Amino acid sequence: QSSVKHKLLEAFSKADGDFVSGQALADIIGCSRTAVWKHIESLRQEGFELEAVRKKGYRITSKPDKVSENELLIGLETVRLGKKVVFIESVESTQKEAHKLAEEAEEGTLVIAEEQTAGRGRMTREWHSPKYTGIWMSLILKPNLPPYKAPQFTLITAVAVTEAIRDAAGVMAEIKWPNDILLNGKKITGILTELQADSDQIRSIIIGIGMNVNQRQFPEELSNIATSISIEKGETVPRAKLVQAIMKNLELYYDEYMTNGFGLIKDKWESYAISIGRHIIARTVTGTIRGKALGITDEGVLKLQDENGMIHDIYSADIEI
Ligand code: BT5
């Protein structure tokens, strides 16, 4: 049943908004034209809107705002990333699921949920992940690289996600080192890069992305620091389209990174970052440093110059601007 739906959606995806004849659909799924009609009805039940015109066939006029496998498949323009989707309606944490699947999973496998009941940030922090309004997903990559390269993936992801938000939602997202994306000064996205590795070789990188898309409000404790795309833009944004844009950009920059190294990504990252060139406060586990953010190194380390002119390498911290 679900593979029939898959084939139908793939056919509509290829048609790119044009009509597909009932006969063509019948051929693709190997059934009668009457049976096609039944499958079309079941798509309608799921929230797809389809137009049916005699002698022309069917076309999809709108997709439901869901992030399940089918919605992500239509219009996905990647070769590897996001081709295998593990959708779970409600999960503790997609990150936790991805860790469980990582060893067996093929590269590019995406774990995504409508809701997380125990989403997490760095360390033991909580990540607020309410139902149907955000993007809560974890992507499994398997680059042939040593583990010390892993922090660069947070930066690659930040560039890919920032561009996806700018293009697919039309709002000016900016990066705050190392793993936040802000809109009008408030956090809309957090990135969590984790590893399964041997001492000299990455086995899997698990990139967790949490994005506030269509929330209209936040709990008290987050309302000063967090926002959503729809609050800032004043209209809702289809989440599947954002996921697809992220997958496309990530594939592009991942390939760029593996082929040509970090140069281009570093330039883009610095051009999207708000903190570079400004005075900031970096709170690390060992203490607080104030100074001017000079830029990032090829390893993704933040260079911070204090008032005595001394330059500090910041590997991990929370930044206050
Ligand atoms: C992060 O941590 O920003 C990484 C968040 C990664 C979440 C994704 S969702 C999919 C995957 N599955 C998971 O379980 N996690 C990943 P950090 O820099 O430590 O920031 C956490 C802090 O952000 C919290 O302590 C709150 O102050 C704040 N916060 C929590 N939920 C938020 C939200 N929805 N929007 C904005 N800020 C939030």
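## The shell around the ligand

The model is predicted.

Where does the ligand sit? The space it takes is the largest pocket.

Serine 93 pairs through its side chain. An N or O atom there is 2.7 Å from an oxygen atom of the ligand. Glutamine 116 also uses its side chain: a polar atom lies 2.8 Å from a nitrogen atom of the ligand. Glutamine 95 uses its backbone instead. One of its backbone N or O atoms lies 3.4 Å from a nitrogen atom of the ligand.

How much of the ligand does the protein bury? Taken alone, the ligand exposes 800 Å². The protein buries 92% of that.

Histidine 312 is found in strand S13, which spans residues 311-314. Is histidine 312 buried or exposed? Its relative accessible area is 17%, so it counts as buried, the cut-off being under 20%. Its side chain has a polar partner: a contact of 2.8 Å joins it to the side chain of aspartate 306.

## Threonine 157 in helix H6

Helix H6 covers residues 151-169, and threonine 157 has its place there. Threonine 157 counts as buried because its relative accessibility is 0%. Which backbone oxygen does the side chain of threonine 157 reach? That of phenylalanine 153, at 2.6 Å.

Phenylalanine 153 can also be set against cysteine 31. The two are 122 residues apart along the chain, and their C-alpha atoms are separated by 45 Å. Cysteine 31 lies in the loop between helix H2 (22-29) and helix H3 (33-45). At 24% relative accessibility, cysteine 31 counts as partly exposed. That value falls between the buried limit of 20% and the exposed limit of 50%.

## Backbone exceptions

Most residues other than glycine have a negative phi, and most peptide bonds are trans. Some places in this chain depart from that pattern.

Lysine 55 has a phi near 75°, a positive value in a residue other than glycine. Lysine 55 lies in the loop between strand S1 (49-53) and strand S2 (57-62). Its relative accessibility is 82%, so it counts as exposed. Methionine 123 is not a glycine either, yet its phi is positive, at about 50°. Its place is in the loop between strand S4 (110-116) and S5. Methionine 123 counts as exposed because its relative accessibility is 58%, and the cut-off for exposed is over 50%.

## A cis peptide bond

Which peptide bond is cis? The one from tryptophan 177 to proline 178, with omega near -5°. Proline 178 lies in the loop between strand S6 (174-176) and strand S7 (180-183).

Methods. Residues numbered from 1 in each chain as written. Predicted model: local features only at pLDDT ≥ 70, side-chain atom pairs only at ≥ 80, totals over all residues. Heavy atoms only, no water. Polar contact = N/O pair within 3.5 Å; in protein donor to acceptor, adjacent residues only side chain to side chain. Areas by Shrake-Rupley, 256 points an atom, 1.4 Å probe, with all protein chains shown as cover. 1 Å grid on protein atoms, 1.4 Å probe; cavity = no way out; pocket = protein on both sides within 12 Å on 5 of 7 lines; lining within 4 Å. Sits in = over half its atoms within 2 Å of the grid points. Helix = DSSP H or I, 4+ residues; strand = E, 2+ residues; numbered from the N terminus. Buried < 20%, exposed > 50% of the residue type's maximum accessible area, 1.4 Å probe, protein only.
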